[in-house]
Amino acid sequence: LSGVVAVAARSYHSLAVKDDGSVWAWENNYWGQLGDGTTTMRNTPVQAAGLSSVVAVATGRYHSLALKDDGSVWAWGNNLYGQLGDGTTANSMTPVQAAGLSGVVAVAAGYSHSLAVKDDGSVWAWGNNGYGQLGDGTTTMRNTPVQVSGLSGAAAIAAGYSHSLAVIGDGSVWAWGANDEGGQLGDGTTINRYTPVAVVQFVQIGTLSSMTAIAAGYSHSLAVKDDGSVWAWGDNGSGQLGDGTWIDRDAPVQVSGLSGVAAIAAGDYHSLAVKDDGSVWAWGYNGYGQLGDGTWNHRYAPVQVSGLSNVVAVAAGYSHSLAVKDDGSVWAWGYNGYGQLGDGTTTTRNAPVQVIGLLSNVVAVAAGHSHSLAIKDDGSVWAWGQNRYGGLGDGTTANRYTPVQVNNLSGVAAIAAGDFYSLALKGDGSVWGWGDNGYGQLGDGTTANRYTPVQAAGLMETASSVMGQRLTVTPLFRRVVLAVCLLLPQDPTIPLP
């Protein structure tokens, strides 16, 4: 793969659009969702048949969508609920055109339904409608597109398992479909909606453009507004929303007493924030001391992390936390059973300790389930903590209690940590990975674990054009790197250490 301009991924398959308008696909193909005319699983990309001039793609659970530059929509894969939109419920192993759609500018795919925005701002939907996710006021399955009721001026769409979202031109967010999993529609209820309703707090807070940073934990979400306030929603069983309660929230609530926030991080059950004065604040689960306030008490509102100042970036793992100070030193606290705090011990800490060894001049950090990563200003990457699957990249599976350098890796501009694997983006635009690869998460065309970095196949030009030359290291750059690191999901099936 080269010349890639867009990608999409769902549970079991991935898509890429090249700059020549062709579509390429890989992974599971049981329902023909790769579009190559077969049902053969592919662990390297194959071209979707008969498609050209494609500008965007979307992936459902077992189906795929493509938008061509003429505004037409094409689909392939599973069609049990009519999610291909061709007027049938027959699966298709090659692309078929969704009936009656023109002038489309964006597409999205849910578990078994599909969405499109037309250039007049109207939203259209088809496929499974058991929860009202098509937004036409019914629960009737549709095998051709129907217009979503009462919605105009749409600028963007998204599709969940069985609910749908749209942002309209004034910045407000609207939602419809299933609402019974903690209130995923954000309207303050848990009632399924068959037509769009406003996501209440985003209407009251202001437009989405006022959000400057977001972070996602295991089951809670965080956002920073441009006024420095922090907002949170989702699971609150450990106080990770920071609103002074342990009540789950199906719409955003403001984190109590925080202002001037510049960066955030979300662990599985705890949250971190860096204020513009360089102090760090934490809230949520604290059974392993990951809040760093010198106690083991859970906190339902932010408390200051003890003894830290001049911090420019933070990262949150499953049960430990990291911070980078403006002098390039790294500090850590929380669970340390695998040495992920990097202080030379396996002693759990409820207040920050400095990561020791050869670690200085650090510009960014990332935290996995039980390992930690850092980039130094010379572009080298250092790692410590659990190494069972090779996630430290030093060629061994030995846990490390102080940082070791990742082998054969230089010129790195950004890092990210998954549960038991690691990724690095080099200044030349190439992506490298090491550690657990049981699901192909390293992208090298295999499922073999790797104990030293291997290059992800075919990823070069797009990343390079985004990163450009090696960036000047500033607090803003560190925060951008942090935001990238936070995008990697954590594995919810792995228990506490």
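Asp 36 is buried, with a relative accessible area of 17%; here buried means under 20% relative accessible area, exposed over 50%, and partly exposed in between, computed with a 1.4 Å probe on protein chains only. Asp 36 forms a salt bridge with Arg 42, the closest N and O atoms being 3.0 Å apart. Arg 42 is partly exposed, at 26% relative accessibility. A salt bridge is taken as a side-chain nitrogen of Lys or Arg within 4 Å of a carboxyl oxygen of Asp or Glu.

The structure is a predicted model, in which local features need pLDDT of at least 70 and side-chain atom pairs count only at pLDDT 80 or more, while totals for chains, interfaces and linings use all residues. Residues are numbered from 1 along each chain as its sequence is written, and side-chain values use heavy atoms, with hydrogens and water left out.

The average pLDDT of the chain is 89, and 90% of the residues score at least 70; pLDDT is the predictor's confidence in each residue, from 0 to 100. Over residues 202-209, pLDDT stays under 50, and the model has 17 contacts beyond four places in sequence for this stretch. A contact means heavy atoms within 4.5 Å. Over residues 461-497, pLDDT also stays under 50, with 76 contacts beyond four places in sequence. Where pLDDT is low, the predicted coordinates should not be read in detail.

Eight salt bridges are found in a search of the whole structure. Side chains of opposite charge can pair when their charged atoms come close. Besides the pair described above, one of these links Arg 142 and Asp 136, with the closest N and O atoms 2.9 Å apart. Arg 142 is partly exposed at 25% relative accessibility, and Asp 136 is buried at 16%. Arg 299 and Asp 293 also meet through their side chains in a salt bridge, at 2.8 Å from N to O. Arg 299 has a relative accessibility of 23% and counts as partly exposed; Asp 293 is buried, with a relative accessible area of 14%.

Arg 299 belongs to the residue range of strand β24 (residues 299-304), which pairs with β23 in the antiparallel sense over three bridges. Helices (H or I, at least four residues) and strands (E, at least two) are DSSP runs numbered from the N terminus, and two strands pair if DSSP finds at least two bridges between them. Strand β23 (residues 280-284) has four of its five residues buried. Five bridges join β23 to the antiparallel strand β22 (residues 270-275). The strands β22 and β23 form a hairpin with four residues between them, and Gly 278 in the turn has a positive phi of about 85°. Ala 282 in β23 is the bridge partner of Leu 272, and Ala 282 also has Val 303 in β24 as a bridge partner.

A further set of four strands forms an open sheet in the order β13-β14-β15-β16, with antiparallel pairing. From one strand to the next the twist averages 20°; axes are lines fitted to C-alpha atoms, for helices over the stretch in contact, and angles run from 0 to 180 degrees between N-to-C directions. Strand β15 (residues 173-177) is joined to β16 by three bridges, and the two run antiparallel. Val 197 in β16 is the bridge partner of Ala 175. In a regular strand the side chains alternate between the two faces of the sheet.

Several loop residues were also examined. Ser 53, in the loop between β4 (42-47) and β5 (54-59), is not a glycine but has a positive phi of about 60°. Ser 53 is partly exposed, with a relative accessible area of 31%. Asn 361 lies in the loop between β28 (349-354) and β29 (362-367), and has a positive phi near 55°. At 39% relative accessibility, Asn 361 is partly exposed. Asn 79, placed in the loop between β7 (73-77) and β8 (92-97), is buried, with a relative accessible area of 0%. With neighbours within four places in sequence left aside, Asn 79 contacts Leu 84, Gly 85, Asp 86, Thr 88, Thr 89, Ala 90 and Asn 91.
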